[in-house]
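The sequence and structure come first.

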Amino acid sequence: MADAYDAGSAARQGPQEEPADVLPAVVPASAPPAVPSPEPRTGVAALSLRYQIGAALALAVVAIAVCVHIGMVFLHVAPPNTVTKQHGKAIDDWIYPEFEQNWKLFAPNPLQQNIAVQVRAEINTGDGDVHTTGWHDLSAQDGRAIDGNLLPSHTQQNELRRAWDFFVATHDAQNRPVGLRGALSETYLRHIVQQRLERANAAGEGGAIERVQVRSRTTNVPPPEWSDEQVSDKPTYRVLPWWWVPEDGDDAGAAAAEGAGQARHSGAAAGGAR
């Protein structure tokens, strides 16, 4: 029985055994990874070393030429400065005639002078007495209002300055109007200084402003420490004639008052001469 059981057990396990004539499987050796072919070089990299050096030198020369040209054009259109004063001929030789410019980069040029507009008034005190005030520096008042102000008004920045520029542009060196806008510029400037004096209560209690006189005080901006430029530090003045102030904004009355005032001063001068 035992032999039969063992034989039967071996018979059941026999099919699971590998046949004697079956060869063992051969595991193939792992193949080396494929190396990707290098991409072809393009552009300057495709050139030989000698040509790469030549291309780099040509690029450097072009870059230097572009920088020099931009610098020359900038100096040509920039306001006068130390560099243009010392090398002006070289700049002109580079610019003219091929690269001539008929415009300016900075318009207007940066100011090289400080111009202060000042006014004084002739006050009628109401009791027959007339006196003249001192000079009120209106530009300094605007400067104090702007200094430290993050949002200064257009009036504080430009009203007085543009009014003075308007007057200068429409008058000659003898303060005579040139063209039809001369009288308009005088009226505009007179209105501004009159309002400023009234706000400052220059006439005092019971007084009235009869005439105003405007002048400008011009001083040169000192050059920087590294510059050898020499400028005068003495102020120059441009004093305008007296203007009669109309009553209630009547400019026609101002013209009549101007004529009457001139006649009165002429009569006083004639009486003094007699």
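## A strand residue and its distant neighbour

Ser216 is found in strand β4, which spans residues 208–220. Helices (H or I, at least four residues) and strands (E, at least two) are DSSP runs, numbered from the N terminus. With a relative accessible area of 4%, Ser216 is buried. Buried means under 20% relative accessible area, exposed over 50%, and partly exposed in between, with a 1.4 Å probe and protein chains only. The C-alpha atoms of Ser216 and Ala116 are separated by 5.5 Å, although the two residues are 100 residues apart along the chain.

## Model and fold

This is a predicted model in which local features need pLDDT of at least 70 and side-chain atom pairs count only at pLDDT 80 or more, while totals for chains, interfaces and linings use all residues. Residues are numbered from 1 along each chain as its sequence is written, and side-chain values use heavy atoms, with hydrogens and water left out.

The protein chain has 8 helices and 6 strands. In sequence order the pattern is α-α-α-α-β-β-β-α-α-α-β-β-β-α. Of the 274 residues in the protein chain, 22% are buried.

## Salt bridges

A salt bridge is a side-chain nitrogen of Lys or Arg within 4 Å of a carboxyl oxygen of Asp or Glu. The whole structure contains 7 salt bridges. One of them joins Asp93 and Lys89, with the closest N and O atoms 3.1 Å apart. These two residues are 4 residues apart in helix α4 (residues 88–95), so about one helical turn separates Asp93 from Lys89. Asp93 is exposed, with a relative accessible area of 51%, and Lys89 is exposed at 62%.

Arg196 and Asp142 meet in another salt bridge, at 3.3 Å from N to O. This pair links distant parts of the chain, with Arg196 in helix α7 (residues 182–199) and Asp142 in helix α5, 54 residues apart. Both Arg196 and Asp142 are buried. The side chains of Arg176 and Asp172 also form a salt bridge, at 2.9 Å from N to O. Arg176 is partly exposed at 49% relative accessibility, and Asp172 is partly exposed at 21%. Salt bridges that share partners join Asp142, Glu159 and Arg196 into one network.

## Positive phi angles

Most residues other than glycine have a negative phi. Asn175 has a positive phi, near 65°, and is found in the loop between α6 and α7. Asn175 is buried, with a relative accessible area of 13%.

Asn201 has a positive phi of about 55° and is not a glycine either. Asn201 lies in the loop between α7 and β4.

## Pockets

Rolling a probe the size of a water molecule over the atoms shows where empty space is left. On a 1 Å grid over the protein atoms alone, a pocket is an open set of points where a 1.4 Å probe fits, with protein on both sides within 12 Å along at least five of seven lines; lining residues have an atom within 4 Å of a point. Grid points are joined across faces, edges and corners, and a volume is the space filled by probe spheres set on the points.

The largest pocket holds about 600 Å³ of space. It is lined by 22 residues, of which Leu111, Gln113, Asn114, Ile115 and Arg161 are the closest to its centre. Two or more lining residues come from each of β1 (113–124), α5 (138–146), α6 (154–169) and β4 (208–220). The largest share, 7 residues, comes from α6. The lining has 8 nonpolar, 10 polar and 4 charged residues. Here Ala, Val, Leu, Ile, Met, Phe, Trp, Tyr, Cys and Pro count as nonpolar, Asp, Glu, Lys and Arg as charged, and the others, Gly among them, as polar.

The second largest pocket has a volume of about 370 Å³. Its lining consists of 16 residues, and Pro80, Gln112, Pro223, Pro224 and Glu229 lie nearest its centre. By class, this lining divides into 8 nonpolar, 6 polar and 2 charged residues.

## Nonpolar surface patch

Ile64, Val68, Trp94 and Phe99 form a nonpolar patch on the surface, with about 350 Å² of accessible area together. Patches are made of residues with over 30% relative accessible area and no salt bridge; nonpolar side chains (Val, Leu, Ile, Met, Phe, Trp, Tyr) are joined within 5 Å. Accessible areas come from the Shrake-Rupley method with a 1.4 Å probe, and for residues only the protein chains shown count as cover. Val68 lies in helix α2 (residues 49–77) and is partly exposed at 35% relative accessibility.

Technical notes. Patch = residues over 30% accessible without salt bridge, like charges linked within 9 Å, V, L, I, M, F, W, Y side chains within 5 Å.
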